[in-house]
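Please read the following walk through a two-part model with the sequence and coordinates open beside it.

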Amino acid sequence: MSLRPESPPPPQDARFDRRRFLSLAALLPLSSIPARGGAPEPGPDSGSPHRSGMELERILAGRPDPGPDPSSWSAAETALLVRRGALSPEEVLLGTLDRIRRLDGVLRAFNAVDEGAVRAEARRIGRAIRAGEQLPLGGVPLAIKDNFLTLGLRTTANSWIFQDFVPGADAEVVRRLRAAGALVAGKTQMGPLATTRATTPSGRVTTRSAWAPRDPGVNPGGSSTGTATAIAARLVPAGTGTQTGGSITQPALAQGLTGLKPTMGRVSLSGVIPLSWTRDHPGPLARDSVDVALLLQTMAGPDPSDPRTSGHPPVPDFLQAVAPVERRGRPALPWKTRIGVLPDWPDTPERKTFLSTLASLGAELVEVELPPDWAILTSPELNNVRLVERAEPFLPWLRQDPRLFGSALLPWIHGLLLSGDEFLRGQRAKHLLLERLLAGLFSQVDLVVQSTPIPFDLLGLPLLAIPIGSEATPAGPRPIGALLGGAPWGEERLLAVASAWQRVTEWHRTAPPLWEPLPEDPPGPLPWWTEDPRPPELPRPTEPTAGLSLLAPLPAPVVPPPVEPAPSDAPPPRHSTGTPPIPVPRIPPELVLELGE
Amino acid sequence: MNGGAASPSAPWPDREADLDRWILLRLEMAGVELSLLPEEAPEAPVDRRRVLAAARAFLGRTPPALRSLPFAESGPVPLLYPASLGPDPDPGRGEAGP
């Protein structure tokens, strides 16, 4: 099978109009009412996924046999094998549900799982595939972060405010993924209102790292914690997250995954509980770049319900970007790519190997300087102007009772303390930083490697996390990752670099150490509200339809029946080690200000 | 916010108490009632004492940092006039990329 000897068309980041992105970025703070009136309606451009022209068989050419165990299949492999009839969507799903039951009582990745509904959907998808319907994600079970609205499935954002909220419509991203044949395996735990790693509203740690399921002190990253753990633990192959301050890339780095924060506006935020108008980005997490491209292909594109998605170049073929390329018989990058290395990028052995490998794949490494006033313009204090954006839409609940915010309250209070001129000053500073970055750094290079998500989060530029190594610790191996930041609409190039790296390395295939549940482990899922429900002395929160203007008016929330644990099909009991459980830490509210979003 | 009571470099008696009053008043103007929180409760997710301490620390860092941001106020203001974004940094490029 030929491996694309011809050069593909230039990627979008080589063709973008920089003035257009600057103008979009300038308008962003003014679009404080992104969605109004009526349930999200699919527009003429959003009715069907933006299809790739690439065949999955070509993309997956040269990969090792995925083997008979569906838990080790990637999303792309699952879609292909289901399409070929190796397993039905329901058979794949039953494996997912079984692993959630057996393992998630310890991992705590999931909140709501509606087994009956998703099995019925799996059967429907199976019939559609047999009838010849082309579904790019047909039968692929996904983890959906619990700030994406899901029709009929409780959506809580790990917050007392939304504890009882059952939406009457899907977020646009969820609608598109379902339309592509994906299955919503369940809603995943997260940092409360998208702050921190996953905890209960009081700050008690819930979700564990898949690399240390018995040690709650090992940070799994957040706030898209549950999605990352579910993928790393092989409960599902892929899922969704959101990123405002590292919340896709940080858990991806912590758990050896590939996670992408796209360009602001590339993916619709309609139906996602907001944190920050100008910073929230929905994006995919998976174990490799092909899966990220596969999900992004469906998620991306304009949505009339979200004006942030207007004015961008058309959605490109992300799967073409990750298709294998060879030159002179060796894996290569599809495009000439200059990769900038920032002065503060630590020079570890893993990172040296990463850079030298990228060079061998055809990248040009460029030492770059930081733009003027970098330290001030990327300071945590400038970053704090985002807090105004979160306070305003949540005023109805702040006014009703600030205790509803639990341990997450502090940043919302701070957002009310900044003045209008300070907010505007911060937006001007962001714009200045973006101008300097585009005129300076991104005139010299196409991507940068870096160690933090700043300033790509605050500027709306794409950012990708990929695994590049592993370190041995007394408690076991821990993944090491790298961040690659791109120019506006640089997703193709980021994914192409990641794909080429992943063709010559195995870190993305490295699974956490095996472990087995103990007899005393409860069956999963274990939603946060079973452990830390809203205290009875707190008022019933104002309904989201009245509170969050970003969300379309929805039917009144329905109080769901109590969650009953599913019957356990766990293997026969094993002897307990007798080891006492490790105390579960609680994250103090002051640390909420410092940790990822 | 210092209300002319003292210059920034001079000692400010009762600054912490004044700042707390300002914070509470500012929140009250926004309709947020901090008195619903317990005054001091280490086992509670948050209490009023911790909220005020964190808010004082925030106000001590963020507004001063924003004041020191490096640009001239007399420059173009892109946010209010999106059709006029100031001088194009690369007028020769047009629609083409690098």
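The paragraphs below take chain A and chain B in turn and then look at local features.

This is a predicted model, in which local features need pLDDT of at least 70 and side-chain atom pairs count only at pLDDT 80 or more, while totals for chains, interfaces and linings use all residues. Residues are numbered from 1 along each chain as its sequence is written, chains are lettered from A and ligands numbered from 1 in the order in which they are written, and side-chain values use heavy atoms, with hydrogens and water left out.

Chain A contains 21 helices and twelve strands; helices (H or I, at least four residues) and strands (E, at least two) are DSSP runs, numbered from the N terminus. Of its 597 residues, 64% count as buried, where buried means under 20% relative accessible area, exposed over 50%, and partly exposed in between (1.4 Å probe, protein chains only). A contact means heavy atoms within 4.5 Å. Among contacts in chain A between residues at least 6 apart in sequence, 80% join residues at least 24 apart.

Chain B has two helices and zero strands. Of the 98 residues of chain B, 34% count as buried. For contacts in chain B with a separation of 6 or more, residues 24 or more positions apart account for 26%.

Helix α2 of chain B covers residues 48–67; at 1.5 Å a residue its 20 residues should span 28 Å, and its end C-alpha atoms are 28 Å apart, which agrees. The expected span of a helix is 1.5 Å times one less than its number of residues.

In chain A, helix α17 (residues 420–444) has 25 residues and reaches 36 Å from its first C-alpha to its last, close to the 36 Å expected at 1.5 Å a residue. α17(A) has a kink of about 35°, centred on L437(A).

Two packed helices are described by the angle between their axes and the distance between the axes. Helix α9 (residues 289–299) and helix α19 (residues 491–504) of chain A have axes that come within 9 Å and cross at roughly 150°. Axes are lines fitted to C-alpha atoms, for helices over the stretch in contact, and angles run from 0 to 180 degrees between N-to-C directions. α9(A) and α19(A) are therefore roughly antiparallel to each other; angles under 35 degrees count as roughly parallel, over 145 as roughly antiparallel, 65 to 115 as roughly perpendicular and the rest as oblique. On the α9(A) side the contact is made by S289(A), V290(A), V292(A), A293(A) and L296(A), and on the α19(A) side by E491(A), L495(A), A498(A), S499(A), Q502(A) and R503(A). By class, this contact has six nonpolar, three polar and two charged residues. Here Ala, Val, Leu, Ile, Met, Phe, Trp, Tyr, Cys and Pro count as nonpolar, Asp, Glu, Lys and Arg as charged, and the others, Gly among them, as polar.

Which elements do the buried residues of α7(A) pack against? Helix α7 (residues 225–232) of chain A is mostly covered, with eight of its eight residues buried. These buried residues pack against α4 (89–107), β1 (141–145), β2 (183–188), β3 (238–243), α8 (249–254) and β5 (281–286) of chain A. Just after α7(A), R234(A) takes a positive phi of about 65°.

Most residues other than glycine have a negative phi, and most peptide bonds are trans. The loop between β2 and α7 of chain A holds T196(A), R214(A) and S223(A). Phi of T196(A) is near 60°, a positive value in a residue other than glycine, and T196(A) is buried, with a relative accessible area of 2%. R214(A) counts as partly exposed at 33% relative accessibility. The C-alpha atoms of R214(A) and L107(A) are separated by 8.3 Å, although the two residues are 107 residues apart along the chain. S223(A) is joined to G222(A) by a cis peptide bond, with omega about 10°.

R108(A) is found in the loop between α4 and α5 (115–130) of chain A. R108(A) is not a glycine but has a positive phi of about 55°, and R108(A) is buried, with a relative accessible area of 10%. Another cis peptide bond joins G524(A) and P525(A), with omega about -5°; P525(A) lies in the loop between α19 and α20 (544–547) of chain A.

How values were computed. Bend = angle between axes of the 7 residues up to and from the residue.
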